Amino acid sequence: MIVLGVLVSGSGTNLQAILDAIVARTLDARIAVVVSNVAGAAALDRARAAGVDTVVVDHGAFADRAAFDAAVVLALRERGVEAVVLAGFMRLVTTVLLDAFPMRVVNIHPGLLPSFPGIHAQRQALEYGVRVAGCTVHFVDTGTDTGPVIAQAAVPVHDDDDEATLGARILAREHDLLPRVLQWIAEGRVSIDPPSTPGGRARVRVRGHVQAL
Ligand code: GRF
C-alpha cells in the first residue's frame, strides 16, 4: 500500500480514475490528501465525494513558487504522503517539492513526450500533423515535462479530429495508464538507471511483466 497525495487544478478525471482503481482494488493505494491551488476545482468535489481530505493552497497568496511549494509540502508531509501525483496540476513545481519527495513525484501529460511539452499538447499535435498522439506518465524534474518517462500510451489521430475529439481519445488512455503506473510504483517495480554517458538521460526501468499498453 502506497500513500498518495494528489495535486489538482481542474476537473479531476484522472483523480477519479485513481479513486476508482483503488475501489476496484487494482491499485493498492490510499489517497491521504488532494491539494488544489484552485478553490473551485471540480476535482475537489470528487475528492470530497470519496471522503478524501482536501486542502486548498492559493498560489496567489505566496511570494514565489518556492514558498507555495513549501506550503504544499507541509500539507503532504503532515498526512504521511509517500508519493505525489500531479493530475492536471497547472503549476510548475520547484526543488522544494522535488527534494521533499525525490523521484516520487509523477505527472501525467497528454502528449507523447518529448514531443509537445507544456500546455495544449493536443493542439500542438494537431497543428504539427502527427498521425499518432498519446499520453506520458513521467517522473517530474525541474523542467517542463522533461523528467524520466515511465510509460506511454498511443492513440491514432484521425483526419477529422479537433482538439476535443483527440483530447477525449487521449484522456481515456490517461485514465487507464496513470493508475497502472501508480500500481507499479506501489509494488516497488519502478527504478531509475543513472545516465550511461556524460550528459545522457536517466532512464526508468520497470521490473516484471508489463502488459502491452
Ligand atoms: C489531463 O489531460 C492531463 O494529462 C493534464 O491535464 C489534464 C487534466 O485533466 N496534465 P483532469 O483534471 O484529470 O480531468
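Author: Helices and strands here are DSSP runs, numbered from the N terminus. Keep that in mind for names such as β5 and α5. The model is predicted.

Reader: Where is Pro114 found?

Author: Pro114 is in the loop that links β5 to α5 (121-128).

Reader: Now the ligand. Which residues are around the ligand?

Author: A residue counts if one of its heavy atoms lies within 4 Å of the molecule. In this model the shell holds Ser11, Gly12, Thr13, Asn14, Gly88, Ile108, His109, Pro110, Leu171 and Glu174. By class, that is 3 nonpolar, 6 polar and 1 charged residues.

Reader: Which elements each supply at least two residues of the shell?

Author: They are α1 (13-23), β5 (105-109) and α6 (163-186).

Reader: Why does the ligand lie between domain 1 and domain 2?

Author: Look at who gives residues to the shell. Domain 1 (1-102) and domain 2 (108-213) both do, so the ligand lies between them.

Reader: How do I read polar contacts? Which side chain has an N or O atom 2.6 Å from an oxygen atom of the ligand?

Author: Look for N or O pairs within 3.5 Å. The side chain of Ser11 supplies the 2.6 Å pair, with a ligand oxygen. Ile108 uses a backbone N or O atom, 2.9 Å from a ligand nitrogen. A polar backbone atom of Pro110 is 3.5 Å from a ligand oxygen.

Reader: How much of the ligand does the protein bury?

Author: Alone, the ligand exposes 370 Å², and the protein buries 83% of that. The ligand sits in the largest pocket.

Technical notes:
Residues numbered from 1 in each chain as written. Predicted model: local features only at pLDDT ≥ 70, side-chain atom pairs only at ≥ 80, totals over all residues. Heavy atoms only, no water. Polar contact = N/O pair within 3.5 Å; in protein donor to acceptor, adjacent residues only side chain to side chain. Areas by Shrake-Rupley, 256 points an atom, 1.4 Å probe, with all protein chains shown as cover. 1 Å grid on protein atoms, 1.4 Å probe; cavity = no way out; pocket = protein on both sides within 12 Å on 5 of 7 lines; lining within 4 Å. Sits in = over half its atoms within 2 Å of the grid points. Helix = DSSP H or I, 4+ residues; strand = E, 2+ residues; numbered from the N terminus. Nonpolar A, V, L, I, M, F, W, Y, C, P; charged D, E, K, R; others polar. Domains from an automatic or database assignment.
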